[in-house]
Amino acid sequence: IRSSLRGTLRRRGLVLGLSGGIDSSVCAALAARAIGPERVHCLLMPEADSDPASLSLGQAVAEHFGLGFDIEDIAGTLAAMGCYGRRDDAIRKIVPEYGPGWASKVAIANSLENDGYALTYLVVQSPDGETKRHRMPADVYSGLIAATNMKQRTRKQLEYYHADRLNYAVIGTPNKLELDQGFFVKNGDGAADIKPIAHLYKSQVYQLAAALG
């Protein structure tokens, strides 16, 4: 990290999108150790669908390592771009009554229970708490993913805004498994100047997290 900043990148520090998850937390700890916490700036970027625990966990990690941070709520931006509306339109193709007060998520079934196939389902919960699972045709699945990917790309826009403002570089948090499987958003969480855990499998990220405290 240190050599990249001084050499090819020629930047003064690092910007990191901090979700409170294991990957971004490890990257934050590595950055603090490599160049000092005073040159690492974190962004906490909640939105309407975020788990409230994510914000508190991210803030706890930043404070633990002495990192400065800003909170950028991106819900308004996503709403203005139609992120939530486009998602809901896709869902209503198979759940016409879906609307305010409902909740949804995309889930992958246990492959051991489905003849070895990891099938993807849409799980919806009505305002009265009833939960149902639906198979998705290709156009619904693609519409949901396209809308959801807007979140990652919006966060990356803000990371590069702050990086340009501070003359910092942007840290990417994908691990080796995500890169091998393509499990990241192009021009979203896959976009970065430095990817310090891109050579580590998830099990190794957990081991490194323990070593870093």
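This report walks through some strands, salt bridges and loop residues of one protein model.

The model is predicted, with local features needing pLDDT of at least 70 and side-chain atom pairs counting only at pLDDT 80 or more, while totals for chains, interfaces and linings use all residues. Residues are numbered from 1 along each chain as its sequence is written, and side-chain values use heavy atoms, with hydrogens and water left out.

## Strands and sheets

Helices (H or I, at least four residues) and strands (E, at least two) are DSSP runs, numbered from the N terminus. Two strands pair if DSSP finds at least two bridges between them.

Which strands make up the open sheet, and in what order? There are 3 strands, in the order 4-5-6, and their pairing is antiparallel. Strand 4 (103-108) and strand 6 (131-135) stand at the edges with a single partner strand each, so one side of each has no neighbour in the sheet. On average, neighbouring strands of this sheet are turned by 25° against each other, direction ignored; the axes behind such angles are lines fitted to C-alpha atoms, for helices over the stretch in contact, and angles run from 0 to 180 degrees between N-to-C directions.

Now look at strand 5 (residues 120-125), which is joined to strand 6 by 5 bridges in an antiparallel arrangement. Val124 has Lys132 of strand 6 as its bridge partner, and Gln125 stands opposite Thr131 in strand 6. The hairpin of strand 5 and strand 6 has 5 residues between the strands, and Gly129 in this hairpin takes a positive phi near 95°.

Strand 1 (14-17) pairs elsewhere: 4 bridges join strand 1 to strand 2 (residues 40-44), and the two run parallel. Leu16 stands opposite Cys42 in strand 2. Are the residues on the two faces of strand 1 buried or exposed? Here, buried means under 20% relative accessible area, exposed means over 50%, and partly exposed lies in between (1.4 Å probe, protein chains only). Both faces of strand 1 are covered, with Leu14 and Leu16 buried on one side and Val15 and Gly17 buried on the other.

## Salt bridges

A salt bridge is a side-chain nitrogen of Lys or Arg within 4 Å of a carboxyl oxygen of Asp or Glu. By this rule the count comes to 9 salt bridges. The table shows some of them.

| Salt bridge | Closest N and O atoms |
|---|---|
| Lys202 and Asp23 | 3.0 Å |
| Lys151 and Asp49 | 2.8 Å |
| Asp139 and Lys93 | 3.5 Å |

The pair of Lys202 and Asp23 links distant parts of the chain: Lys202 is in helix 8 and Asp23 in helix 2 (residues 22-35), 179 residues apart. Lys202 counts as partly exposed at 28% relative accessibility, whereas Asp23 is buried at 9%.

Lys151 and Asp49 form a salt bridge across 102 residues, with Lys151 in helix 6 (residues 138-166) and Asp49 in the loop between strand 2 and helix 3 (52-64). Lys151 is buried, with a relative accessible area of 11%, while Asp49 is partly exposed at 40%.

Asp139 is in helix 6, and Lys93 is in the loop between helix 5 (83-91) and strand 4, 46 residues apart. Asp139 is partly exposed at 43% relative accessibility, and Lys93 is exposed at 54%. Salt bridges that share partners also join Glu47, Asp49, Arg87, Asp88 and Lys151 into one network.

## Residues in loops

Where does Asp189 sit? Asp189 is in the loop between helix 7 (176-181) and helix 8 (202-212). Asp189 is buried yet has no salt bridge, and the nearest side chain of opposite charge, Lys156, is 7.0 Å away. For charges, Lys and Arg count as positive and Asp and Glu as negative, while His and the chain ends are not counted. A polar atom of the Asp189 side chain does lie 2.7 Å from the backbone nitrogen of Val185. Leaving aside neighbours within four places in sequence, Asp189 is in contact (heavy atoms within 4.5 Å) with Gln152, Lys156, Pro174 and Phe184.

Asn187 is also in the loop between helix 7 and helix 8. Asn187 is not a glycine, but has a positive phi of about 60°, and counts as exposed at 55% relative accessibility.

Arg10 lies in the loop between helix 1 (2-9) and strand 1. Arg10 has a positive phi of about 55° although it is not a glycine, and at 68% relative accessibility Arg10 counts as exposed.

Definitions and conventions:
A polar contact is a pair of N or O atoms within 3.5 Å; within protein, one must be able to donate a hydrogen and the other to accept it, and residues adjacent in sequence count only if both atoms are side-chain atoms.
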